[in-house]
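Hi everyone, thanks for coming. Let me put a structure on the screen, and then we can walk through it together.

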Amino acid sequence: FFRKVLKFLDWSLFPKKWCKELFIKYKPVLVLSTDMITNFDEAHILEYAQKTGLPVIASILSWDNLSGYGKLPISADRVIVWNNIMKKQLLQWHGIFESQVYVAGSPQYDIYKNCQNLPSLEQFLETKKLDCNKKLVTYTTAPPTICDTEDQILEIIVTALRQNKFKEPFQLLVRLHPKDNIVRYKNLKDAKELVFDQPGDFNKNFSDNWNPSLDNVNNLLATLKYSDIFINVASTITIEAILFDKPVINVAFDGYEHKPAWESVARYYKEYTHYLDIVRTGGVMVAGSAGELIEAINKYLINPRADEEGRRKIVQEQVSQFDGHASQRVANFIINYVKSFNYRA
């Protein structure tokens, strides 16, 4: 309701003449949205396309968009999704008919299947100043708005390492989220048990304007390939790690703090639709306390094949077709749709 009111006021009070000028200049036959739900900069172009009768295809950017960000801002003519879970959400919640939906897999993950020119294990570890003789556990952080106690969680792991609570010695790589700030880990800056990896430049405004270079992407791919275990708080990195068949532990407690249910990170695994689909597969371990986190790390250190059946299920359900050709399927679908209107593709 509020979205509709805001749209009406926006269009009534601030006519978007620049939209009309763009459409007159380029004469598009179709508008493709690559981030209809979370990128509000696209809204005016999509609205104008709809008003002028141009067909719109929406390619849904990520697996959580349809369950976590409200309804589609406009009724697209066709919608491209990763998997059948997202397709079902479109049919149930967004008023889209089955004939309008195309399941293509995840274009973002094509490069994960086709990754080339990565450094060797030795080169990667040397670059990060890590030990070739120890296993590598990678903790990928979230923005503080998602979890503000990750410094405490890391301190718990470091303390357990110093107290020899793990079955095997390992080294800890902490990969910061692009929206994270290394300042909040100042108490760990001298800890010899971990190494921080800050991809790209820190954005002081915490905006979404991080544009990774090819080196940034290759660094992530090498991290995924060479790490033995991943730890995170309900992150999409869970799927990415599992594409490389890596064990994943999800943190479901708030460090040393005891937060109410509506603030605790535990809520992500109980209330968030998209992540419930991950948990129910049994492909990840959810640690609800410091003791459970230590136990989970030990389990995967001893047996990295544990829960592999659940991991396979996650790949099948979330990515649907992990073959490196999702982008090609999306492109072909768009071309064929344009041809169906007797336009020149």
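Let's begin at Gly-105, which sits in the loop between strand E4 (101–103) and helix H6 (110–113). When I say helix or strand, I mean DSSP runs, with helices being H or I of at least four residues and strands being E of at least two, numbered from the N terminus. Is Gly-105 buried or exposed? Gly-105 has a relative accessible area of 2%, so it is buried. For that word, buried is under 20% relative accessible area, exposed is over 50%, and partly exposed is in between, using a 1.4 Å probe and protein chains only. From Gly-105 to Ser-289 there are 184 residues in sequence and 35 Å in space, C-alpha to C-alpha.

Before going on, please keep in mind that this is a predicted model, where local features need pLDDT of at least 70 and side-chain atom pairs count only at pLDDT 80 or more, while totals for chains, interfaces and linings use all residues. Residues are numbered from 1 along each chain as its sequence is written, and side-chain values use heavy atoms, with hydrogens and water left out.

Now for another loop. Thr-34 is in the one between strand E1 (31–33) and helix H3 (43–51), and Thr-34 counts as partly exposed because its relative accessible area is 46%. Thr-34 and Ile-57 are 23 residues apart in sequence, with 8.7 Å between their C-alpha atoms.

Next, salt bridges. Side chains of opposite charge can pair when their charged atoms come close. The rule here asks for a side-chain nitrogen of Lys or Arg within 4 Å of a carboxyl oxygen of Asp or Glu. How many salt bridges does the rule give? The count comes to 14.

Let me show you a few. Lys-259 pairs with Asp-148, and their closest N and O atoms are 2.5 Å apart. This pair links distant parts of the chain, 111 residues apart: Lys-259 is in the loop between strand E9 (248–251) and helix H11 (268–271), while Asp-148 is in the loop between strand E5 (135–140) and helix H8 (150–162). Lys-259 has 21% relative accessibility, so it is partly exposed. Asp-148 is partly exposed too, because its relative accessible area is 44%.

Asp-180 and Arg-184 also meet in a salt bridge, at 2.8 Å from N to O. Both Asp-180 and Arg-184 are buried.

Then there is Arg-329 with Asp-323, where the closest N and O atoms are 2.9 Å apart. Arg-329 is buried, with a relative accessible area of 15%, whereas Asp-323, at 29%, counts as partly exposed.

What about its backbone? Most residues other than glycine have a negative phi. Asp-245, though not a glycine, has a positive phi of about 60°. Lys-129 also has a positive phi of about 60° without being a glycine. You'll find Lys-129 in the loop between helix H7 (121–127) and E5, and Lys-129 is exposed, with a relative accessible area of 75%.

Let's look at the surface. Trp-18, Leu-22 and Tyr-26 form a nonpolar patch there, with about 320 Å² of accessible area together. Such a patch takes residues with over 30% relative accessible area and no salt bridge, joining nonpolar side chains (Val, Leu, Ile, Met, Phe, Trp, Tyr) within 5 Å; the areas come from the Shrake-Rupley method with a 1.4 Å probe. Leu-22 belongs to helix H2 (residues 17–26) and is partly exposed, with a relative accessible area of 35%.

Finally, the inside. The structure holds one cavity of 30 Å³ or more. A cavity is a set of points on a 1 Å grid where a 1.4 Å probe fits but cannot get out, and lining residues have an atom within 4 Å of a point. The largest cavity holds about 40 Å³ of space, and its lining residues are Trp-63, Asn-83, Ile-85, Met-86, Gln-89, His-274, Asp-277 and Gln-318. Helix H5 (84–93) and helix H12 (273–279) are the elements that give two or more residues to this lining. Which of the elements gives the most? H5 does, with three residues.

How values were computed
1 Å grid on protein atoms, 1.4 Å probe; cavity = no way out; pocket = protein on both sides within 12 Å on 5 of 7 lines; lining within 4 Å. Points joined across faces, edges and corners; volume = space filled by probe spheres on them. Patch = residues over 30% accessible without salt bridge, like charges linked within 9 Å, V, L, I, M, F, W, Y side chains within 5 Å.
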